[in-house]
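Open your viewer and keep the selection panel handy.

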Amino acid sequence: MSLPVLQADCSQCFALCCVLLPFSKGESFPETKPGGRACHNLDVDDRCSIHATLTEDGWSGCVAFDCFGAGQQVSQVTYAGVSWREGGNLGEMAAVLSVMRQLHEMLALLDEADRRGASDAEPWVERLVALIGATADELLAQDIDELRREVGAVLAEASRIARSRWPDALDLAGQDLAGRDLRRLDLRGAALRGAVLLGVDLRECDLTDADLLGADLRGADARGADLSAALFLTIAQRAVLRS
């Protein structure tokens with residue numbers, strides 16, 4: 001089955017993340033913006049006027065955000081190319097984007113699980129591919145929490161299969177390891193799902209088959225680290241690494 005594009009294509013989106021999502025002034029943004037108000041850096045053609053210098057100008061949160069391709073799916077498929085500017089349906093579109101982003105994220109993770117040998121992944125991929133083409137009302141009627149629980153079981157199986165190569169692998173899932181130097185640990189096959197890895201030192205570490213699903217990697221120093229075969233490492237997680 002052919003998957004949708006699971007990476008953002010801003011040229012096909014109505015700048016939904018720049019309008020619908022809120023953010024607060026801090027390390028990742030230089031100012032506060034409520035949800036539903038267009039960012040002042042947004043041009044009338046739905047393009048970011050400072051895209052080339054986002055990080056230098058203090059907008060690193062924009063660089064780290066990843067919609068997994070949900071923005072263009074909502075813009076061009078769910079709403080058939082009719083922008084919020086003409087449709088007057090900003091609130092509904094925000095809710096639909098939230099659902100679609102989660103569906104696309106699950107699809108991206110399931111695709112990796114399928115490639116890692118999870119036997120139940122392919123039927124779920126087919127189910128979600130069909131679901132993302134649904135109407136706005138059908139999407140909003142979905143029980144996303146239940147979907148995430150069921151998909152989570154498939155991802156856990158894929159993790160178990162991949163990490164079984166490393167019988168002595170560390171189980172650090174959910175632990176708060178912020179600021180720690182992890183260079184002396186063997187992290188191959190490690191369970192790091194949901195771990196707090198803020199600012200940790202991962203320089204030269206080998207994270208082959210390490211499960212990083214939901215791990216907070218903001219500011220982690222990954223210079224020289226081998227992340228090429230890490231499990232469930234997303235574009236958004238990569239964007240916040242020091243590398």
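How many helices and how many strands are there in the protein chain? There are 9 helices and 0 strands, counted as DSSP runs (helices H or I, at least four residues; strands E, at least two) numbered from the N terminus. This is a predicted model, in which local features need pLDDT of at least 70, side-chain atom pairs count only at pLDDT 80 or more, and totals for chains, interfaces and linings use all residues. Residues are numbered from 1 along each chain as its sequence is written, and side-chain values use heavy atoms, leaving out hydrogens and water.

**Select the core.** Pick Leu16, Val74, Leu103, Leu110, Leu155 and Phe232: of the 45 residues in the largest nonpolar core, they touch the most other members. Such a core is a set of buried Ala, Val, Leu, Ile, Met, Phe, Trp, Tyr and Cys residues joined through side-chain atoms within 4.5 Å; buried means under 20% relative accessible area (1.4 Å probe, protein chains only). Now colour helix 5 (90-115), which gives this core its largest share, 11 residues.

**Zoom in on Leu16.** Leaving aside residues up to four places away in sequence, Leu16 touches Leu21, Gly71, Val74, Ser75, Trp84, Met93 and Leu97; contact means heavy atoms within 4.5 Å.

**Move to helix 6.** Show Ala121, Trp124, Val125, Leu128, Val129 and Leu131, which are buried in helix 6. Look down the axis: the buried residues fall within an arc of 160°, so they line one face of helix 6 (the arc is that of the directions from the helix axis to the C-beta atoms). Their cover includes helix 5, helix 7 and helix 8.

Definitions and conventions. Buried < 20%, exposed > 50% of the residue type's maximum accessible area, 1.4 Å probe, protein only.
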